[in-house]
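User: I would like to learn how to read a few features of a folded chain, beginning with a strand and the way its side chains face. Could you take me through them one at a time?

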Amino acid sequence: MCHGGPVPTAVSLPEDWPAHPDRSLSLNRMGSFDWDLVTGLMHMDSAALDVFDTAPEEYDGRPESLAPRVPPAESVRLDALVSSALKSGVDSYGAYFRIRCHDARLRWTHTQGRVMRGPDGRPYRIIGIVRDATEELSHSAERLGLDEERRRQTSVVESTTAALAHARTVQDVIDALGDAHGLERLGSMGMVMGLVEAGRIHLVAEGPAGSFVPGTRYTRIDEQYPMSEVVRSLQPRFLDSAAEFAAGYPGLWAKISSMHISAAAYLPLIAQARPIGAIGLLYRDKDGFTQEERNLLVALGSSIAQSLQRAMLLEQEHDLAEGLQQAMLPRRIPSVPGAEIAVRYRSARMGRDIGGDWYDVIPLPGGRVGAVIGDVQGHDTHAAAVMGQLRIVLRAYAAEGHSPATVMARASVFLHELDTDRFATCTYVEADLSTGVLQLVRAGHIDPLMRTLDGGCERLALEGGMPLGLSAEFGLLEYPVTTVEMGPGETLLLCTDGLVEQPGADLDDGVRLLASLVRTGPADLSLLADRLCEVVDDRGGDDDMALLLLRRDAEEAQQAGGRLQQHVAPGDPEALVSARHMIGAVVRAWGARDRADEIELIADELIVNALMHTDGPAIVTLRVLSGPERRLRVEVEDRSSALPRRREAGDSGVSGRGLMLVDRLADVWGVESRGSGKCVWCEFTMP
């Protein structure tokens, strides 16, 4: 063992080392080495040098001179193995590794070494053998390589298929393949994709940024482009080099040569035996395609085609379903004097799943307007069909002039009598925009919101009743009516739960979030509606959403108070009940709560008189008059020109007291002749 001086040509061997190691080991295609760890020099006999395909003059005793024969990855692995053996205290190690011969072939080699240690345990020497293991491992290596390639191919197919599994639109497919992870899986630097449309190929994915070739957005299938060729032939086209690309498609190559493409693979996308498009994968620093790579890409092309066809069908089904849904909603919103209205509908699901969400705006007698928001249970075409029928009948009941509570009750009975097990939630609002009086009825629906002039937004807590259909089934058809006054410039928001529901969140939390969005949203009603829809789109919810915004016009609102009018037909008890309810609600909303009972009593007496003593309907009008003192005026018109007269009460005491009550309770009253009849009026001073 040398510790310095000139480089030795040989090192001493242990006493148990064979007398003629070269001869005894070479017979078994083995060579020996003796590595002095102190000097770093390693003696290798001629047989060992043969194993490394190294001539004696190419080796100078230093292990580093073998570097050309050992690939970097193998060298790192061997160094780590030897270092671990020296540090861990083991006496021996062994490993298979590859060397690169002079002709660039890789050959399997095996080494086994014994670590010599001094009394202090420190290693100072390694002796061992190296041998050619090519024949031994040839079958195993081939099998190992095939297995590794199969695993790689399986991994690429599985990962790509998994990425495509959730694609529900064509853009989803493009995103799954064209993002960084997708291109990394495919080993490509860019992707182009085209869809067959009416005898042309529509380019839907352009490849790397800045690579779009003008004039290729739509190309004919008979043109000289690689995607056109694979669609015509239904066969893949592999371009193994830039020269082959340039020779096959000189026109296209002249426009993309700056991309430095070294290879490309164009695959037809075939589904149900017909081409639906083509995909092109572009490569840099790639020298052709092996047969295994070609097989892999063809298999991926089939998987991509199936995913693409599924996405195209889902988009078509979604468009059809959404068109059906939209056809059942009002085609246009009527112009309502004194109001600004915005409506929106969003279908958040794909495929044939559609919901029963709807909105409606209904012109009513007397200049009033009805606003409806509702949601039929379920997400299918049956829910949409029920919604269409329910919307029509609810609209008809409201247009007939029934009170909000009656509209709800009748709609519930109608739904219960349909051949369906569905129920529906709904909110119906009857609004008089001249006075700002709202009468609201809720059937199992979420509460509406009111955005005030100062920018606040509050939830209108409505008592409400059972959902439509269920209330009729259980005989609970009483729907309480809540009266609210909406000031000029204030906005009412009605929506379905798709706008407020969030996965894992409480519904009340969703309503509070919605209120904050309305509070901070734009003043423009259309922009506010769009902003709220963007929230649904960003959230990607699984429910449809309908939205209705109703704002009372600040400029057209009567500043002196308001005017509310209602027709009461003879022989219609419901109309009389509705008029009574309307009068009480309006009086309280206008601030005459202290005189509400007497005003209701007088108005009811005048209406009943008009119905009993004339042949036609009664028209009741309530107005707030401006002047030195604020007064509420009640007018009841009929078609008779005969003036009312005060009579003594009869023996039964059930008649003859009407004008006495009017004279006693009203501050002032009188009778006016009208063109087709008369009007009995009375006025009450308000606080």
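User: Which residues point one way from β21 and which the other way?

Analyst: In a regular strand the side chains alternate between the two faces of the sheet. In this predicted model, Met 545, Leu 547, Leu 549 and Arg 551 point one way from β21, while Ala 546, Leu 548, Leu 550 and Arg 552 point the other way, and all of these residues are buried. The strand, which spans residues 545-552, is accordingly described as mostly covered, with eight of its eight residues buried.

User: Which strands are joined to β21 by bridges?

Analyst: Strand β12 (residues 339-346) is joined to β21 by eight bridges, and the two run antiparallel; in this pairing Arg 346 stands opposite Met 545. Strand β20 (residues 491-495) is also antiparallel to β21, with five bridges between them, and here Thr 491 stands opposite Arg 551.

User: How many aromatic pairs does a search of the whole structure find, and why is the pair of Phe 245 and Tyr 249 given the class it has?

Analyst: A pair of aromatic rings is described by the distance of the centres and the angle of the planes. The search of the whole structure finds six aromatic pairs. For Phe 245 and Tyr 249 the ring centres are 6.0 Å apart and the planes meet at 80 degrees, so the pair is edge-to-face, because an angle over 60 degrees falls in that class. Both Phe 245 and Tyr 249 are buried.

Phe 245 also forms an edge-to-face pair with Tyr 266, at 6.3 Å centre to centre and with 75 degrees between the planes. This pair links distant parts of the chain, since Phe 245 belongs to helix α8 (residues 242-248) and Tyr 266 to strand β10 (residues 263-271), 21 residues apart.

User: Is Tyr 266 buried or exposed, and which residues do the ring pairs link into a cluster?

Analyst: Tyr 266 has a relative accessible area of 4% and therefore counts as buried, and Phe 245, at 1%, is buried too. Ring pairs link Phe 245, Tyr 249, Trp 253 and Tyr 266 into a cluster.

User: Where does a charged side chain lie over a ring face?

Analyst: Arg 217 lies over the face of Phe 212, at 4.4 Å from the ring centre, and Arg 633 lies over the face of Trp 681, at 4.3 Å from the ring centre.

User: What lines the second largest pocket?

Analyst: This pocket, with about 450 Å³ of space, is lined by 18 residues, of which Trp 35, Met 42, Pro 63, Leu 78 and Asp 79 lie nearest its centre. By class, the lining has 14 nonpolar, two polar and two charged residues, and its largest share, four residues, comes from α3.

How values were computed
Residues are numbered from 1 along each chain as its sequence is written. This is a predicted model: local features need pLDDT of at least 70, side-chain atom pairs count only at pLDDT 80 or more; totals for chains, interfaces and linings use all residues. Side-chain values use heavy atoms; hydrogens and water are left out. On a 1 Å grid over the protein atoms alone, a cavity is a set of points where a 1.4 Å probe fits but cannot get out, and a pocket is an open set with protein on both sides within 12 Å along at least five of seven lines; lining residues have an atom within 4 Å of a point. Grid points are joined across faces, edges and corners, and a volume is the space filled by probe spheres set on the points. Ala, Val, Leu, Ile, Met, Phe, Trp, Tyr, Cys and Pro count as nonpolar, Asp, Glu, Lys and Arg as charged, and the others, Gly among them, as polar. Buried means under 20% relative accessible area, exposed over 50%, partly exposed in between (1.4 Å probe, protein chains only). Two strands pair if DSSP finds at least two bridges between them. Rings of Phe, Tyr and Trp (its six-membered ring) pair if their centres lie within 6.5 Å; planes under 30 degrees apart count as stacked, over 60 as edge-to-face and the rest as tilted. A charge sits over a ring if NZ of Lys or CZ of Arg is within 6 Å of the ring centre and within 35 degrees of the ring normal.
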